[in-house]
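Here is a briefing on one protein chain. Please view the sequence and the structure first, then read the points below.

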Amino acid sequence: MQHGPAVRRRKLGAELRALRAGAGLTSGEAARLVGWHQSKVSRIETGASGVKPADVRLLLDAYAVRDSQLRDLLMVLAGSDDGNERQHWWHAYRGVLPPTYRDFISLESQATAMRTLETSVVPGLLQTPEYARAVTRAAVDGPDDDRLDALVEVRLARQDVLRADPPLELHAVLDEAVLRREVGGPEVMARQLERLTRAARLPQVRLQVLPFAAGAHIGITGPFVIFSFSNTSDLDVVVLDHLTSSLHLERKEDLEAYTEAFNSLRYHALSIEDSLDFIAAIHHDK
């Protein structure tokens with residue numbers, strides 16, 4: 001269990017090591033190709049030291065890596081500001097976003113799929129502007145209006161991943177408490193429930209409700225997110241959010257445990273169709 005930067009450094013190093021091996025090169029041969037000492041390649045591959053985006057680009061060229069999606073992902077892991085302006089839009093908000101949040105957004109922007117359990121609030125990718133403002137105001141200690149506006153803008157801009165080509169595939173399991181907690185008041189919550197209903201009908205979104213009637217369940221200890229990457233499954237990661245930081249779980253056994261937990265939650269949750277009916281019933285009651 002580590003903070004994001006350390007995990008990403010190790011993941012990047014492991015992927016570069018695999019790409020070097022795939023190119024049929026020893027670490028010494030790779031070092032000579034790019035004009036380095038062998039120890040630098042070794043430190044990068046073990047995650048013992050950070051690596052500049054320009055150095056990653058050199059290695060990818062030396063290994064003849066042409067897959068643009070893979071290159072983009074590895075450059076993001078290296079902290080690159082290069083590339084498409086839309087791809088790195090969050091850098092414009094460096095002054096208001098903590099590093100852990102920027103790290104989360106960069107993973108979200110490159111992932112092909114996201115599985116999440118939410119126990120308290122609607123996932124950020126499905127929030128209305130009014131709901132996002134109420135959540136942000138409650139979560140951030142006394143933000144001034146400008147900072148609050150910026151944080152809400154970020155939350156809404158993140159939702160573009162659901163409209164990308166191809167879009168992020170989102171599978172969310174929501175505890176019933178998420179639907180009943182009146183964030184922002186009855187009118188804001190009513191519009192949020194309408195938004196959930198519309199989102200649940202999108203082909204890239206799967207939404208299930210875990211009702212109170214399900215009793216105690218494996219997710220009762222807290223929410224989590226699993227990011228998956230189609231071309232690089234070794235980069236899959238679990239993110240646990242805390243009040244002042246995020247923790248990333250990257251070990252194979254951690255990923256397997258949380259994948260099994262999510263599958264269990266899916267099994268105990270209502271079906272997608274019944275979940276829509278459940279949301280509609282709560283909306284009607286309001």
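**Salt bridges and the cores around them**

Arginine 71 and aspartate 61 form a salt bridge, with their closest N and O atoms 3.0 Å apart. A salt bridge here is a side-chain nitrogen of Lys or Arg within 4 Å of a carboxyl oxygen of Asp or Glu. This pair links distant parts of the chain: arginine 71 sits in helix 5 (residues 68–77) and aspartate 61 in helix 4 (residues 53–62), ten residues apart. Helices (H or I, at least four residues) and strands (E, at least two) are DSSP runs, numbered from the N terminus.

The model is predicted: local features need pLDDT of at least 70, side-chain atom pairs count only at pLDDT 80 or more, and totals for chains, interfaces and linings use all residues. Residues are numbered from 1 along each chain as its sequence is written, and side-chain values use heavy atoms, with hydrogens and water left out.

**Confidence**

- The mean pLDDT of the protein chain is 87, and 91% of its residues reach 70 or more. pLDDT is the predictor's confidence in each residue, from 0 to 100.
- Over residues 81–86 the pLDDT falls below 50; this stretch has eight contacts in the model beyond near neighbours in sequence. Contact means heavy atoms within 4.5 Å.

**Salt bridges**

- The whole structure holds nine salt bridges.
- Arginine 71 is buried, at 18% relative accessible area. Aspartate 61 is partly exposed, at 42%. The cut-offs are under 20% relative accessible area for buried, over 50% for exposed, and partly exposed in between (1.4 Å probe, protein chains only).
- Arginine 158 and glutamate 108 meet in a salt bridge of 2.8 Å, N to O. Arginine 158 is in the loop between helix 8 (145–157) and strand 3 (169–175), while glutamate 108 is in helix 6 (residues 99–110), 50 residues apart. Both residues, arginine 158 and glutamate 108, are buried.
- Arginine 133 pairs with aspartate 149 in a salt bridge, the closest N and O atoms being 2.6 Å apart. Arginine 133 lies in helix 7 (residues 129–139) and aspartate 149 in helix 8, so the pair ties together parts 16 residues apart in sequence. Arginine 133 is partly exposed at 29%, and aspartate 149 is partly exposed at 30%.

- Helix 5 is mostly covered, with seven of its ten residues buried. These are Leu70, Arg71, Leu73, Leu74, Met75, Val76 and Leu77.
- Aspartate 67 caps the N-terminal end of helix 5, where a side-chain oxygen lies 3.1 Å from the backbone nitrogen of leucine 70.
- Helix 6 has twelve residues and reaches 17 Å from its first C-alpha to its last, close to the 16 Å expected at 1.5 Å a residue. The expected span is 1.5 Å times one less than the number of residues.
- Nine of the twelve residues of helix 6 are buried, so this helix is largely enclosed by the rest of the structure. Among them are Tyr101, Phe104, Ile105, Leu107 and Glu108.
- Valine 152 is in helix 8. Valine 152 is buried, at 6% relative accessible area.
- Valine 152 and arginine 133 are 19 residues apart in sequence and 5.8 Å apart in space, C-alpha to C-alpha. Leaving aside neighbours within four places in sequence, valine 152 contacts Pro129, Ala132, Arg133 and Thr136.

**Nonpolar cores**

- The largest nonpolar core has 58 residues, and Leu196 and Phe227 have the most contacts inside it. Helix 10 (residues 186–200) gives the most to this core, with six residues. A nonpolar core is a set of buried Ala, Val, Leu, Ile, Met, Phe, Trp, Tyr and Cys residues joined through side-chain atoms within 4.5 Å.
- Not counting residues up to four places away in sequence, leucine 196 touches Val122, Leu126, Leu174, Leu179, Leu207 and Ile279.
- Another core, of 13 residues, lies apart from the largest one; Val173, Leu249, Leu255 and Ala269 are among its residues.

**Threonine 116**

- Threonine 116 lies in strand 2 (residues 113–118). Threonine 116 is buried, with a relative accessible area of 0%.
- Beyond residues up to four places away in sequence, threonine 116 touches Leu170, His171, Ala172, Val173, Phe224, Val225 and Phe262.

Note on methods
Polar contact = N/O pair within 3.5 Å; in protein donor to acceptor, adjacent residues only side chain to side chain.
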